[in-house]
Amino acid sequence: MKSRVRQLREQFGWSQAELADRLEVSRQTVNAIETEKYDPSIKLAFKIARLFGLPIESIFMEE
């Protein structure tokens with residue numbers, strides 16, 4: 001699944017570790033989402049969307 005997580009994280013000026021702390025996941029999880037090696041659970045996707053203040057479908061897209 002494609003995502004805008006890296007782009008949004010960089011716009012907010014956060015490192016992967018900072019985003020991971022805010023989401024209560026590992027930095028490796030953030031990296032895997034950004035590199036499209038891992039699709040987040042629906043619960044984590046909602047958490048990411050709330051954190052960035054955007055609807056899920058504007059962050060995650062089907063390929």
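Helices here are DSSP runs of H or I with at least four residues, strands are runs of E with at least two, and both are numbered from the N terminus. I note for all entries that the model is predicted.

**Entry 1: Arg-9**

I looked up the accessibility of Arg-9 and found 8%, so Arg-9 counts as buried, the cut-off being under 20% relative accessible area. I then listed the contacts of Arg-9, skipping residues up to four places away in sequence. The list holds Trp-14, Ser-15, Gln-16, Leu-19, Glu-34 and Phe-52.

**Entry 2: Phe-12**

Phe-12 is also placed in a helix, namely α1. I read a relative accessible area of 39% for Phe-12, which makes this residue partly exposed. I checked the separation of Phe-12 from Phe-52, which lies 40 residues away along the chain. Their C-alpha atoms are 8.7 Å apart.

**Entry 3: Gln-16**

I went on to Gln-16, one of the contacts of Arg-9. Gln-16 sits in helix α2 and is buried, at a relative accessible area of 13%. Which residues does Gln-16 touch, once those up to four places away in sequence are set aside? I found Arg-6, Arg-9, Arg-27, Val-30, Asn-31 and Glu-34.

**Entry 4: α2 against α3**

I looked at how α2 meets helix α3, residues 27-34. The two axes come within 8 Å and cross at roughly 110°. Angles of 65 to 115 degrees count as roughly perpendicular, and α2 and α3 are therefore roughly perpendicular to each other. From α2 the contact takes Gln-16, Ala-17, Leu-19 and Ala-20. From α3 it takes Arg-27, Val-30, Asn-31 and Glu-34. Sorted by class, the residues of the α2 and α3 contact are four nonpolar, two polar and two charged.

**Entry 5: α2 against α4**

I repeated the check for α2 (residues 16-23) and α4 (residues 42-52). These helices pack at about 110°, and their axes are 10 Å apart. I listed the residues in contact: Leu-19, Arg-22 and Leu-23 on the α2 side, with Leu-44, Lys-47, Ile-48, Leu-51 and Phe-52 on the α4 side. I sorted the α2 and α4 contact by class and got six nonpolar residues, two charged and no polar. Leu-19 of α2 is listed in the contact with α4 and is also listed in the contact with α3.

**Entry 6: inside α3**

I asked which residues of α3 are buried. They are Val-30, Ala-32, Ile-33 and Glu-34. I then looked for what covers them, and the cover includes β1 (2-3), α1 (5-12), α2, α4 and β2 (60-61).

I took Ala-32 of α3 separately. Ala-32 has 16% relative accessibility and counts as buried. With neighbours within four places in sequence left aside, I found Ala-32 in contact with Lys-37 and Tyr-38. I also took the separation of Ala-32 from Met-61, 29 residues along the chain, and their C-alpha atoms are 16 Å apart.

**Entry 7: positive phi in two loops**

I turned to backbone angles, since most residues other than glycine have a negative phi. Glu-24 is not a glycine and has a positive phi of about 60°. I located Glu-24 in the loop between α2 and α3. Is Glu-24 buried or exposed? I read a relative accessible area of 66%, so Glu-24 is exposed.

Glu-36 also has a positive phi, near 60°. Glu-36 lies in the loop between α3 and α4 and follows α3. I found Glu-36 partly exposed, with a relative accessible area of 34%.

**Entry 8: the UniProt feature**

I looked up the annotation last. UniProt, in an unreviewed entry, gives "domain: HTH cro/C1-type" for residues 5-59. I computed the make-up of that stretch: over residues 5-59 the chain is 64% helix and 0% strand. The C-alpha atoms at the ends of the stretch are 7 Å apart.

Terms used
Residues numbered from 1 in each chain as written. Predicted model: local features only at pLDDT ≥ 70, side-chain atom pairs only at ≥ 80, totals over all residues. Heavy atoms only, no water. Axes fitted to C-alpha atoms, helices over the stretch in contact; angles between N-to-C directions. Contact = heavy atoms within 4.5 Å. Nonpolar A, V, L, I, M, F, W, Y, C, P; charged D, E, K, R; others polar. Parallel < 35°, antiparallel > 145°, perpendicular 65-115°, else oblique. UniProt positions renumbered as here; feature names shortened; annotations may be inferred. Buried < 20%, exposed > 50% of the residue type's maximum accessible area, 1.4 Å probe, protein only.
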